[in-house]
Protein chains: 2
Amino acid sequence: MLVNGKPGNLISIRDRGLLYGDGVFRTLRATQGKAQHWLLHYNKLLHDCTALDIVCPDVGLLTAELNNLLALHPTGAMKLIVTRGEGTRGYAPLGCVGTTHLWDISPLPEYPADWALRGIKAQLCRLRLSHQPRLAGIKHLNRLENVLAAAESSDADIAEGLLMDADSNIIEGTRSNLFLVSRGQLITPDLSHCGVAGVQRDRVMTWAAQHGMPLQVRDVGLDDVMDADELFVVNSIISMWSIREFNQRCWSEFPITAKIRQYLDGSDA
Amino acid sequence: MLVNGKPGNLISIRDRGLLYGDGVFRTLRATQGKAQHWLLHYNKLLHDCTALDIVCPDVGLLTAELNNLLALHPTGAMKLIVTRGEGTRGYAPLGCVGTTHLWDISPLPEYPADWALRGIKAQLCRLRLSHQPRLAGIKHLNRLENVLAAAESSDADIAEGLLMDADSNIIEGTRSNLFLVSRGQLITPDLSHCGVAGVQRDRVMTWAAQHGMPLQVRDVGLDDVMDADELFVVNSIISMWSIREFNQRCWSEFPITAKIRQYLDGSDA
């Protein structure tokens, strides 16, 4: 673990990341000494910092720290957090002399092999995501909605929960982005009111553009999901899981999903 | 500063308070070696912890820590944070072996004397609060909306910003609760969709009950605010500020507000 470039696992209790969740983060998958899609993650980090008016650490600095960590820990789930740092007392971001950035590495989670091979069971969460256009898409540290949603199920057989917003649009998984394949089109929920726009979501959209597959980013209702020919969720750690069971419907054929998986997990991608 | 009862100012970067804002807090005013309304704050803390399924530290333990701190620091703004602590990787609150609780003390902020005596200028924030009934009322650590709202104004003359929700109801101040006096009634916004229900808000409601003043907790529109005979905001640090200017209207007479102030700041209350 590194805190502001130095080995350590502690931060100040006055850091605004703790006090207000005033920061952003990324989660990367490292294998064989390489962090997958680091520059895509950095670009997201920069975007999210900018949206919150937080000064993003320089890409050269973070890349150097990342490489030092990878030399010691070639495999793992790497978390990078950037907070607004310490300031004067109160919500207003005043008196901040510098951001805090830190790296943490955990073992890659071990999911049942079946989930990647045959797909997962998903369920609909009771919690509804709130609309906040100023924060939508950003991977910020205010994640209580995800915590409450993830706490809903203690069934180890349910790999992911899908979240609706207050308007009954399906938005995303608790820790993943959702795609539908429907009549030869890819569909993914619009994230302009809530949700987190992940790097893997962008990569699926890039695949669609490169392969001439029509892609819609739009409101997605439960009916759209139930009518879909294929369903899958993506994030940087799991890569991609097809959904084989959701809301009492089962899916067993995933031809388009398989092609996209090849791209997502390909060495050239 | 105390972290889990021991002198210190650092917490783990794996604490869920930092990772997800998975915790709650209180801010108390200490003067002359006494923390004002500690038991009211404790009851709120307990309520908020319970709402998030976080085990709240025992009142005896926290009271003992508070008294030790007050012996060293008889005056200040005291912040108490309780987080879900450290768990296994991921949003689901699993593997948490114990909560984290910490105290921090800052000097009481020095506001212009005029603000308490004659009232403040307030403005309407552009940011709209999002609706999340599962989190409404709770003083949790997901406070980016407050940060963004507080960042809107750099005018030192504006003491507070008032926040609307997406439905154009006025909800609260960026760090305070709002009351209206209108035709002999007290009115305060309903907080069942968003907002933080503070201890001072409860105390004003207690005053109303004790003094036979009709009180409405309901949706409050901008028209209600502009029509009000008196307006004031409260929190535990500032106690109470009348609003003397908001949205191009001025107020100068605060007879009911003055009575409530007497109660809020009275030694017997």
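In β5(A), A:Ala35 is the bridge partner of A:Ala30. Strands here are DSSP runs of E with at least two residues, helices are runs of H or I with at least four, and both are numbered from the N terminus. The model is predicted: local features need pLDDT of at least 70, side-chain atom pairs count only at pLDDT 80 or more, and totals for chains, interfaces and linings use all residues. Residues are numbered from 1 along each chain as its sequence is written, while chains are lettered from A and ligands numbered from 1 in the order in which they are written.

β4(A) and β5(A) run antiparallel and are joined by two bridges. Strands pair if DSSP finds at least two bridges between them. Six strands of chain A form an open sheet, in the order β2-β1-β7-β6-β4-β5, with antiparallel pairing. β2 (6-7) and β5 (34-35) of chain A stand at the edges; each has a single partner strand, so one side of each lacks a neighbour in the sheet.

Chain A is assigned domain 1 (2-106) and domain 2 (113-265). Such bounds come from an automatic or database domain assignment. The domain centres, taken over C-alpha atoms, are 26 Å apart. In chain A, 18 residues of domain 1 are in contact with nine residues of domain 2. Contact requires C-beta atoms, placed from the backbone, to lie within 7 Å. On the side of domain 1 of chain A that touches domain 2 of chain A, β4 (23-31) and α2 (38-51) of chain A each give two or more residues. β4(A) gives the most to that side, with seven residues.

Definitions and conventions:
Contact = placed C-beta atoms within 7 Å.
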